[in-house]
Amino acid sequence: MLPYDNSNGIAHASDLGDPNAIPDNCDYWRYCSLHGSLCSKCGGSVTQCPPGTTPSKVAWVGTCRNPKDNKNYLVSYNDCCGKAGACGDDCTRQERDRPGYRMGLASESSWCIANGGSGVHCTVAVVVGLAE
């Protein structure tokens with residue numbers, strides 16, 4: 001049989017992948033208060049540090065609105081410490097960030113200092129729950 005196009009001129013959508021996949025770009029809602037490189041671009045994932053790094057013992061928390069359900073979520077941001085230098089592009093959203101005197105809300109702090117002063121490599125964003 002010869003190849004035959006039975007699409008009748010209709011364009012087909014390409015596979016868009018997993019609809020639950022979390023995008024690797026700074027504009028994603030979950031990163032509304034993130035300051036750092038995405039660990040998902042550095043050998044880790046959105047919620048896990050890459051090999052050779054450890055999560056910071058302290059973190060900052062942001063409140064981010066998910067546009068799909070229009071609800072606010074608490075997101076914990078942990079720097080991944082231990083490897084020198086950041087990787088990937090830096091995300092600097094910092095929406096509703098607070099000055100350094102409110103340490104739990106300030107993303108500019110060196111959170112790896114609690115891990116013995118090791119350097120920041122990237123940042124993870126873990127959804128903790130609904131903000132009520």
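A disulfide is a pair of cysteine sulfur atoms within 2.5 Å. The exercises below use a predicted model, in which local features need pLDDT of at least 70 and side-chain atom pairs count only at pLDDT 80 or more, while totals for chains, interfaces and linings use all residues. Residues are numbered from 1 along each chain as its sequence is written, and side-chain values use heavy atoms, with hydrogens and water left out.

**Exercise 1. The chain as a whole**

Task: State how many helices and strands the chain has, and what percentage of its residues is buried.

Solution.
Step 1. Helices (H or I, at least four residues) and strands (E, at least two) are DSSP runs, numbered from the N terminus. The chain has zero helices and six strands, which gives the pattern β-β-β-β-β-β along the sequence.
Step 2. Buried means under 20% relative accessible area, exposed over 50%, and partly exposed in between (1.4 Å probe, protein chains only). Of the 132 residues, 33% are buried.
Step 3. Accessible areas come from the Shrake-Rupley method with a 1.4 Å probe; for residues, only the protein chains shown count as cover. The chain exposes about 8200 Å², and carbon and sulfur atoms supply 53% of that area.

**Exercise 2. The disulfide of Cys49 and Cys80**

Task: Find the handedness of the disulfide between Cys49 and Cys80, and say which parts of the chain the pair ties together.

Solution.
Step 1. The sulfur atoms of Cys49 and Cys80 lie 1.9 Å apart, and a disulfide joins the two residues.
Step 2. The torsion about their S-S bond is about -80°, so this disulfide is left-handed.
Step 3. Cys49 sits in the loop between S1 and S2, whereas Cys80 belongs to strand S4, so the link ties together parts 31 residues apart in sequence.
Step 4. Cys80 has a relative accessible area of 0%, so it counts as buried.

**Exercise 3. Two further disulfides**

Task: Describe the disulfide of Cys26 and Cys91, then that of Cys39 and Cys122.

Solution.
Step 1. In the pair Cys26 and Cys91, the sulfur atoms are 1.8 Å apart. With -80° about the S-S bond, this link is left-handed.
Step 2. The pair links distant parts of the chain, with Cys26 in the segment before strand S1 (35-37) and Cys91 in strand S5 (residues 90-92), 65 residues apart.
Step 3. Cys26 is partly exposed because its relative accessibility is 21%; Cys91, at 1%, is buried.
Step 4. Cys39 and Cys122 form a disulfide with sulfur atoms 2.0 Å apart. Its torsion is about 95°, so the disulfide is right-handed.
Step 5. Here too distant parts are linked: Cys39 is in the loop between S1 and strand S2 (54-55), Cys122 is in strand S6 (residues 120-130), and 83 residues separate them. Both cysteines of this pair, Cys39 and Cys122, are buried.
Step 6. The structure holds six disulfides. With bonded cysteines counted along the chain, the pattern is 1-10, 2-6, 3-12, 4-9, 5-7, 8-11.

**Exercise 4. The surroundings of Asn78**

Task: Decide whether Asn78 is buried or exposed, and list its contacts.

Solution.
Step 1. Asn78 lies in strand S4 (residues 71-81). Its relative accessibility is 15%, so Asn78 counts as buried.
Step 2. Contact means heavy atoms within 4.5 Å. Leaving aside neighbours within four places in sequence, Asn78 is in contact with Ser56, Val58, Ala59, Cys122, Thr123 and Val124.
Step 3. A polar contact is a pair of N or O atoms within 3.5 Å; within protein, one must be able to donate a hydrogen and the other to accept it, and residues adjacent in sequence count only if both atoms are side-chain atoms. The side chain of Asn78 makes such a contact with the side chain of Ser76, at 3.2 Å.
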